Amino acid sequence: MRVSRWGRLSGVLLAGMLAVTVGSGPAPGAEKLKVGFVYVGPVADAGWTFAHDQGRRYLESHANVTTTKVESVPEGADSERVFTDLARKGYRLIIGTSFGYMDPMVKVAGEFPNVAFVHISGFKRAKNLATAFGRIEQPRYLSGLVAGSMTKSNIIGYVAAHPIPEVVRGINAFTLGVRATNPKATVHVVWSNTWYDPGQEKEAAESLLSIGADVLAQHQDSPAAIQAAAAKGKYAVGYNSDMSKFGPKAFLTAPVWDWGPMYAYFAKKVKAGTFAGEDVWWGMDKGVVDIAPIGAMVPASVKAMVMARRTAMIAGRFNEFSGPIKDQTGKVRIAAGNALGDSAQLSMNWFVEGVIGTVPTK
Amino acid sequence: MIALERREAPHPWAPLAIPLISIASAFAAGAVVLWLAGVNPMAAYADLLGEPFGSGFGIAETLVKATPLILTGLAVLLPARMKLWNIGAEGQLQLGAIGAAWVALFTPIGHSPVAMLGVIVAGMAAGALWALGAGALRAWLNVNETITTLLMNYIALLFVDYLIYGPWKDPASRGFPLSATFPLDARLPIIIPGTRVHLGLVLALVAVVIVTVALSRTRWGLEVRVIGDNPRAARYAGMNLARHTLLVMGIAGGLAGLAGVGEASAIAGRLQRGLSPGYGYTAIIVAWLAKLNPAAVVIVAVLLGGLYLGGDSLQISLGLPIAVVNMLQGLIFFFVLGGEVLAGYQVVIGRRRVEPVSTGSRAAR
Amino acid sequence: MSPVTVAVLAAAVRAGTPVLFATLGEIFAERAGVLNLGIEGMMLASALAGFAVTAQTSNPWIGAAAAAAAGGCLSVIHAFLSVTLRANQVASGLALTIFGTGMSAFLGRGYVGVPGSGFQATPVPLIAQVPVLGPILFQQDPLVYLSYAAVPVAWYVLYRTRWGLEIRAVGEHPEAADAMGVDVARVRYGCVIAGGVLAGLGGTFLSTAYTSMWIENMTAGRGWIALALVIFATWDPVRAVVGAYLFGGVNALQLHLQATGTSLPTYLLLMAPYVFTIVVLVIATQETARKRLGTPAALSVPYTRTG
């Protein structure tokens, strides 16, 4: 009978698959440290995840480790399974690259006290769970200097992602830079409510271009804003990585990440047995953040000024969040002589003077 | 010429053999795609199938995934028996989470001994109300529920965003979009220590039993099935289509809402983004593979739940994207669909047979 | 008219074009009696095909042709299941969406983050300078101009040709059409494939004109919006234009409002396009019922020849 032949065939197929599963034993023990990376998006997004993966490759070539990566893991409860799986498979340093992994990582870190966990952009720690981030506000300030120098209409557009403090901080640092070179310029903010949706980000960019913005900046991971600016002959500041290939004549610069040295730091600690649940917030001086090469269209004098400021920041002689800083209503939030402290930065939910737009709370 | 003609009686082996053959064919087709993309299909399938069932951790996590799939599967299945297409289980799930969060965080019940009960009731009610929106539009205004339930998914997700970025944002979350964590009283307990398997699984299985019994042994269930199979006869028999539509959609929404309660209250412990990686959509496949049989939903949910786990493993070991799992799901769906039809037909080459007159079932109502 | 208003209207046309293509295609399929819920999957697969081929050949028109072909091929699966096998059309369409989404994500991995060449905005000489209408309608991408042509062509085919007559007959009363010698299966196949081709153009617009990149799930639900818009348009190509541009405009409007500094509740605004579509659906359904026009009587009912 036709059916029973198929039935037998599929039975054999299933049995075969099970045999292969049962027959393959556990992987042979490796002496190299196994490092696992959990990403919230695809590696090839040319943005946030791409930068982390570059860091992973740096680690592989600079340290005696084997690495693996799991892409597009949704934030929330599903990620708990991925972290647990990695821990069970012998990965002793596990890095989660999105704030939404916070609670799952806390839980799994509690279940695997001999595994080191690093949570990028979080704030909950444990004995074996460290948090890490970079002061991307420093290069954002520098890119603001460039943008302020290059705008002719004095209207700068910022395609903002989601209203979390990190994004707000970035807008503020950028605007402080813009106003330092160009006190008449204003930064208009449009929220796209996406991390990576080119269509929506392009529309947001177009809306800014339509009110006369001639320089765009962004916080998303897609190059849509740069493409929109390039198509209209305007300038753009990118994010995460050197996005010049998406709009060579438009791309001014971008705040970029270089996670490699930080990962190497953590791997070394794990190998030496000195890993602790510390909070690591590195700046340009440690190389975690920097600006991309400034485009050729920027005048040499501006470049020199920016690079000089960069040197000062690295040497610790200049803090972009030092007072006096006023908010949008004109009230002085940071007096002259003071600087915005770390914890105030971490919960920043107000805009500095010069920003046109609001932080949505509903 | 080649034609398809109805068999007089379905093949005796059909109910079991067809789904199995369909799934095997889907895996075969998937293997071709994988091979074309440069991946070893056997290694991939070994991972995919071995991981979920090869260890205690695997089985437990499979059950964790199966719990919401069973509930949302029922949420799709029940209206489908009345030929209503509920594509909105995803949004109803989110509303269930919202309802649970509201009781847990913003009412005194959240800290009382009846917190768990309150959370469950509120979540199911919220999900039911959400589904009733589309159900009412269908019952009274004949608006296509396939599209309304789907559009309401998007609205529900935005509603969650609005709450967690705005009025319900946890002051202690440093500005990140998270609600406060639910008090312990309001969290569904773990029923297998050392795992994440929670009370939701028991509730899901209870729901399966209730739905099975209701559909097959109650008058209400009979009416639902009659309306689905023969709406004209149902109308002539005096059955109130509008009332049944509302009831069925409401129950479906409640079941999906219960899935949301489980995910928010037991798994995540708070209201946040990403509570569901698309359970409401996978539920459609679950309901179909189960051939709209509530008991079969459990088996299918476990299998498809295991696929998620296998998918993780594919990434970790073979560097494959999760999209492979989605693709396989789609293939399985296709082949089951095709197989189901082939079970009722046979291919005839060359000759024409005279058939009794049949008009086919009128789906439009 | 202020420049911001003009910009919003131009954005409405731009954002509405992919949905317009998909809606036109689905109108043909449904007029012939076949419901195709697989639009989302077809659009995604075509978006990938269009982007990939454009990247390889540096010619977006070849990419567009490839995308149309991809949409057409996928739609054949649905046609086979729905027309030949007479399977349930809702399920078949859903399967197509799930499969198309997964397959495009899988095959498209290598194209994420790759800069594409794509279409450029091409102002129509002379007409583009006309005040108001010029910037809104005639400073768009070539595919938008193609959509302008597609609407009257669709209208003409549907209402003024013999094909159109056959299509409508098959959708209203397949038994009568069959008795008159119309090959029901062939007409339905043709319309479903036409739907796939048009959805394909909508998909490639997203990846080669609207933006020049590929990312998984980039259609973001536009396929489903198209289904609702078909009902809003009461299965008429000309009304489809209104629906598509309205939908595109609602999103563009909230972004432009933000840009001008108006502070409005963001998330509630983001819900607007979907709420709008539901409202539109309700109104259109009442209108259809009241005027007793529109829905093809044999929609989603498989046809079996008898006797």
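Val187(A) stands opposite Val355(A), a residue of strand S16(A). Two bridges tie S16(A) to strand S7 (residues 186–191) of chain A, and these strands run parallel. Keep in mind as you look around that this is a predicted model.

- Six strands of chain A form an open sheet with parallel pairing, in the order S10-S9-S8-S6-S7-S16.
- At the edges sit strand S10 (251–253) and strand S16 (355–356) of chain A, each of which pairs on one side only.

**Helices packed on the sheet**
- Helix H5 (residues 137–150) of chain A touches strand S6 (155–160), strand S8 (215–218), strand S9 (235–237) and S10 of chain A.
- The direction of H5 makes about 135° with that of S10(A).
- Helix H6 (residues 165–181) of chain A also packs on the sheet, touching S6, S7, S8, S9 and S16 of chain A.
- The direction of H6 makes about 160° with that of S7(A).

**Where chain C meets chain B**
- Here 44 residues of chain C are in contact with 49 residues of chain B.
- Together the two chains bury about 4300 Å², with 80% of it on carbon and sulfur atoms.
- Between chain C and chain B there are zero salt bridges, and one residue pair is in polar contact, counting pairs with both residues at pLDDT 80 or more.
- On the side of chain C that touches chain B, helix H3 (60–84), helix H4 (89–107), helix H10 (222–232) and helix H12 (266–291) of chain C each supply at least two residues.
- H4(C) gives the most to that side, with twelve residues.
- By class, the side of chain C that touches chain B has 31 nonpolar, ten polar and three charged residues.

Notes. Residues are numbered from 1 along each chain as its sequence is written. Chains are lettered from A and ligands numbered from 1 in the order in which they are written. This is a predicted model: local features need pLDDT of at least 70, side-chain atom pairs count only at pLDDT 80 or more; totals for chains, interfaces and linings use all residues. Side-chain values use heavy atoms; hydrogens and water are left out. Two strands pair if DSSP finds at least two bridges between them. Helices (H or I, at least four residues) and strands (E, at least two) are DSSP runs, numbered from the N terminus. Contact means heavy atoms within 4.5 Å. Axes are lines fitted to C-alpha atoms, for helices over the stretch in contact, and angles run from 0 to 180 degrees between N-to-C directions. Buried area is the accessible area (1.4 Å probe) that two parts lose on being put together, summed over both. A salt bridge is a side-chain nitrogen of Lys or Arg within 4 Å of a carboxyl oxygen of Asp or Glu. A polar contact is a pair of N or O atoms within 3.5 Å; within protein, one must be able to donate a hydrogen and the other to accept it, and residues adjacent in sequence count only if both atoms are side-chain atoms. Ala, Val, Leu, Ile, Met, Phe, Trp, Tyr, Cys and Pro count as nonpolar, Asp, Glu, Lys and Arg as charged, and the others, Gly among them, as polar.
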